[in-house]
Every structure is written in structure tokens, then in C-alpha cells.
Amino acid sequence: MFKENNDNVNEYENSQKLRKFRNISWFIGRSAGSTQPFRGRVPLSLHSCQNPQFGMTINNSSNDKKDIKNVKNFVPVCLNAPVSTKKKVAFTLAEVLITLGIIGIVVAMTIPTLMTNIKAKKLRTQFLKSYSIVQQAFKLMENDDVSSDPTTYGYGEYYKTFLNYVKGGMDCGNTSSNPMKSSVPCYQMYKGAKHYKSLDKKATFRYQFLDDGQIVLPDGTLLLFENYAHSVNDILAVSVDINGYGTPPNVAGYDLFTFQLVDGELKTMGDKSTAYNELDKYCNPNVSNNMNGVACAQKAKENPDYFKEIVKEFK
């Protein structure tokens, strides 16, 4: 008898709980074509089961299934669904600003070095390319038994022979028999053109060393010849503006380098066998004279980091 009363009490309590839950208004879903959420009795029973895959309680009551058919866009509601207690993690504004500040500092420190390396690599590539072009032209002339003795050529005449051995070269003239063109890419030193500077940038580089003929290559590289040819002591030299006269800074030892033909062999000026071999005097940014920079071709050839050092020096 006591057990039967208890069963009646439990059944009554369960029915009261079920009625209480069913009379609560819940946002179940939205009716099709309506912007208002559906409000109605929750079609759930207390004897429902939990789907472990989705972490929600799914109703299995046959009566509730009938109720669900009358609800459009029904969204299951779990009375005993687990509630997430995880705290959402996000960066604060202060943290974001600090991070951006650190990135800015790193960029400010690395970009100048990166730009220096890029510029130095480009200059070195142009230097080696120019050196190779001049060297190949001299070898072709040698194969054709063309004289490399400067005394066998008249004043400012050697470059005309050289012009026949470079592809696409343009004749800029010289200072005597073939007047120089007065515009870029040629360098007209006697008609108001801006002169080349010595390595220390304080003196004008001696332009008389560059006035015995000029040739412009298709990429803008400018070849300038020294072929005075008055005595056996005169030299045959080719100076090369590796990035062209129209591209600054036009400084000897930075973008202007000189090569000398010695005993039929092309040498970088500054080599012991060349006319200007005192590097402390003719390739020193701390010395001022009008030939400073003429011997830097030797350093540029021997030292892979020469252009990095010189680019830093010119900042």
C-alpha cells in the first residue's frame, strides 16, 4: 500500500514537472517566411535521451513527435544539454598595439640592411657584367691581330676600333675629330654636363681621363676611353659607368670603374702592374684628389663585400 502511494506521488510530481516545462515559452525556431521567432510549448518529455554525438537531448516521445510535425523549422531544445564553461580567449587592444609596435621596430631595423644588400648585389652584378664585356672585346681584337699598343693609334682613335667588337654599341664621339653628343646617355664634359666625382665626393674626377671616345651599350652602360698616345708612357684604359651616365651618383669607385690594357692583357686598375696602383691614395673615401676612385676596380674584383661597404659609406 505504501509503495503504491509512493508510485502515485511520483507520477503526480512528474506530470506537474512536465506541465510546467511545456507551459514555458521558448524560442524554438522561426516560421518559414517570418522574421519573428516561433513561441510555443516545448515538445519535450522528461523521459528523453541524450545524443552523445551532438551533445543535445533528443526527444523520443511519440506524442511530442506529433507536436513537432506542426512546427516549421523546428530546432531541438535540450533541457539537460551541457553548458560550455570555456572562457573565450581574445587579444586586448593593448596587446595588439604592442605587437604591432614590435613588428614596426623589427621592420625599421631590417629594411635598411635589406635595401643595402639589394643595391650592393645589383652593383656587383653590373660590375662583373661590364668587366666581362670589355674583356671579351679585347680578346676578339687579339684574335683578329688588332694592335693593342696605344702609340699605334692617333689621338682618340682607338675607341672606334673597339666599337666594332661590341654588339649594339652607339658612338658618342670624342673631343676632336668626332664631336661628342651633348645629351644623355653620353657624357659631354666640355659642354656643361655634370661631372663625375672622386670617391670622397669632394673633388671633380679628372674628366681629361675620359675624353678620348665614348661608347654606349644597349643597356645604358657607358664606356669612356683614355688613349692620349703621345709617348710610350701613355696608357690605354677603359672606364665603365656600370649603370649609365643618367643614373646617379656618378662617382669613381661607386659606379665608375677603370680597366687598363697591360702587355695585351686587361687588368683592373689598382693591380700592381697598372698606372694607378696605390690603393690608399686612389681608392680611399677619406682622401681627396681628382683621381681618387680610379683604382677601386681592383678592390671590387677581389672583395665580394666591396659594394656593401661602399653603399653603406654613401648613405
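**Notes on the predicted model**

1. Aspartate 145 is found in the loop between α3 (93-143) and α4 (158-163). The model is a predicted one, and in it the phi of aspartate 145 is positive, near 60°, although the residue is not glycine. With a relative accessible area of 70%, aspartate 145 is exposed, the cut-off for that class being over 50%.

2. A positive phi is also found at lysine 201, where the value is near 65°, again in a residue other than glycine. Lysine 201 belongs to the loop between β5 (170-173) and β6 (214-216). Its relative accessible area of 41% places lysine 201 in the partly exposed class.

3. Strand β9 (residues 256-262) deserves attention for its burial. Seven of its seven residues are buried, so the strand is largely enclosed by the rest of the structure. In a regular strand the side chains alternate between the two faces of the sheet. For β9, one side carries Leu256, Thr258, Gln260 and Val262, the other carries Phe257, Phe259 and Leu261, and both faces are covered.

4. In the hairpin of β9 and β10, two residues lie between the strands, and aspartate 263 takes a positive phi near 50°. In the loop between β8 and β9 lies proline 249; the peptide bond that joins proline 248 to proline 249 is cis, with omega near 15°.

5. How many salt bridges does the structure hold? There are three. Side chains of opposite charge can pair when their charged atoms come close. One of the bridges joins aspartate 219 and lysine 129, with the closest N and O atoms 3.1 Å apart. Because aspartate 219 lies in the loop between β6 and β7 (222-226) and lysine 129 in helix α3, this pair ties together parts that are 90 residues apart in sequence. Aspartate 219 is partly exposed at 43% relative accessible area, and lysine 129 is partly exposed at 45%.

6. Another salt bridge links glutamate 157 with lysine 160, the closest N and O atoms being 3.6 Å apart. Glutamate 157 is partly exposed, with a relative accessible area of 26%; for lysine 160, also partly exposed, the value is 30%.

7. A further salt bridge is formed by lysine 267 and glutamate 265, whose closest N and O atoms are 3.6 Å apart. Lysine 267 counts as partly exposed at 21% relative accessibility, where buried would require a value under 20%. Glutamate 265 is partly exposed as well, with a relative accessible area of 45%.

8. Which residues form the positive surface patch? The patch consists of Lys119, Lys308, Lys312 and Lys315. Of these, lysine 315 is found in the segment after α7 (306-313), and its 66% relative accessibility makes lysine 315 exposed.

Notes. Residues are numbered from 1 along each chain as its sequence is written. This is a predicted model: local features need pLDDT of at least 70, side-chain atom pairs count only at pLDDT 80 or more; totals for chains, interfaces and linings use all residues. Side-chain values use heavy atoms; hydrogens and water are left out. Patches are made of residues with over 30% relative accessible area and no salt bridge: like charges are joined within 9 Å, nonpolar side chains (Val, Leu, Ile, Met, Phe, Trp, Tyr) within 5 Å. Accessible areas come from the Shrake-Rupley method with a 1.4 Å probe; for residues, only the protein chains shown count as cover. A salt bridge is a side-chain nitrogen of Lys or Arg within 4 Å of a carboxyl oxygen of Asp or Glu. Lys and Arg count as positive and Asp and Glu as negative; His and the chain ends are not counted. The place of a charge is taken as NZ of Lys, CZ of Arg, CG of Asp or CD of Glu. Helices (H or I, at least four residues) and strands (E, at least two) are DSSP runs, numbered from the N terminus. Buried means under 20% relative accessible area, exposed over 50%, partly exposed in between (1.4 Å probe, protein chains only). Two strands pair if DSSP finds at least two bridges between them.
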